[in-house]
Amino acid sequence: ALVRIIEVHSPVAGIIAERARESGREFDGFWSSSLTDSLMHGRPDIEVLDYRTRVASIVETFEVTNKPFIYDGDSGGNPESAYYLAKALVSCGVSGLCLEDKIGRKHNSLYGHESSQKQATIAEFTARISSVRSAVPDGGMMLIARIESLVLGRPIEEALERADAYCAAGADGILIHSVHQTPDEVFAFTEKFRAKGERLPVFAVPTTYARTSECEMIDHGIRCV
């Protein structure tokens, strides 16, 4: 089965999403998007919106809905910032934190190769993962490591190397992102990841390849969209 997550940026959006049905299926949880939250507050999507502002909206949404939340934490900042972010999210009941392996001033992933965004080294990003794990032990909140290698034009082998390191450091899932118009490179990554015997869930965000069916996702080893 495929876990289906939908972006929610306000309590009323949460109510609408919770009631949405299609052929007997519904969404399994909510995604708190840094892009959308920044837009709703009239800010650029460069990690300037304070997490306390975003968490306040999540708390209000929890009051009128019953679905779990995954929080898009961008890069998480330095390890110390990631630690306190994780503590804050757990205290208000967030189920998952997604951190991406970027460094420096954020550029939205959809810029792809046109962006001057830099990727953190494996050591830098695993330090953030370890910091979150020290704040929230295993089972307290899911930690999803988002790999930006394909977005930045890096080879799949590098993305796989990062996935191995992030899993070893304590990540509970891998989000592999791509800005291609087809899911081919995402599927290639997932197939090689599964061939290594990895069982952790793989997440995909099919913004640019939205016509891909759920059955195709499942057949290629993706477990959450």
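## Helix α7 and its neighbours

The buried residues of α7 pack against β9 (142-147), α6 (156-169), β10 (173-176), β11 (202-203) and α8 (214-219), where contact means heavy atoms within 4.5 Å. Helices (H or I, at least four residues) and strands (E, at least two) are DSSP runs, numbered from the N terminus. This is a predicted model, in which local features need pLDDT of at least 70 and side-chain atom pairs count only at pLDDT 80 or more, while totals for chains, interfaces and linings use all residues. Residues are numbered from 1 along each chain as its sequence is written, and side-chain values use heavy atoms, with hydrogens and water left out.

Which residues of α7 are buried? They are Glu 185, Val 186, Phe 187, Phe 189, Thr 190, Phe 193 and Arg 194, with buried meaning under 20% relative accessible area (1.4 Å probe, protein chains only). The helix covers residues 184-195, and its twelve residues reach 16 Å from first C-alpha to last, close to the 16 Å expected at 1.5 Å a residue; that expected span is 1.5 Å times one less than the number of residues. After α7 comes Gly 197, with a positive phi near 90 degrees.

## Ser 33

Now to the loop between β4 (29-32) and α2, where Ser 33 lies. Ser 33 is buried, with a relative accessible area of 8%. A polar atom of its side chain lies 3.2 Å from the backbone nitrogen of Leu 35. Leaving aside residues up to four places away in sequence, Ser 33 touches Glu 7, Arg 54 and Asp 72.

## The second largest pocket

A pocket here is an open set of points on a 1 Å grid over the protein atoms alone, with protein on both sides within 12 Å along at least five of seven lines; a cavity is a set where a 1.4 Å probe fits but cannot get out, and lining residues have an atom within 4 Å of a point. The second largest pocket is lined by 18 residues, of which Glu 47, Leu 49, Tyr 51, Tyr 71 and Gly 73 lie nearest its centre.

At least two lining residues come from each of α2 (34-40), α3 (51-62), β5 (69-72) and α4 (79-91). The largest share, four residues, belongs to α4.

## The cavity

How many cavities of 30 Å³ or more does a search of the whole structure find? There is one. Lining the largest cavity are Val 8, His 9, Ser 10, Ser 32, Asp 37, Ser 57, Ile 58, Thr 61 and Phe 69, and α3 gives the largest share of that lining, three residues.

Note on methods: Buried means under 20% relative accessible area, exposed over 50%, partly exposed in between (1.4 Å probe, protein chains only). A polar contact is a pair of N or O atoms within 3.5 Å; within protein, one must be able to donate a hydrogen and the other to accept it, and residues adjacent in sequence count only if both atoms are side-chain atoms. Grid points are joined across faces, edges and corners, and a volume is the space filled by probe spheres set on the points.
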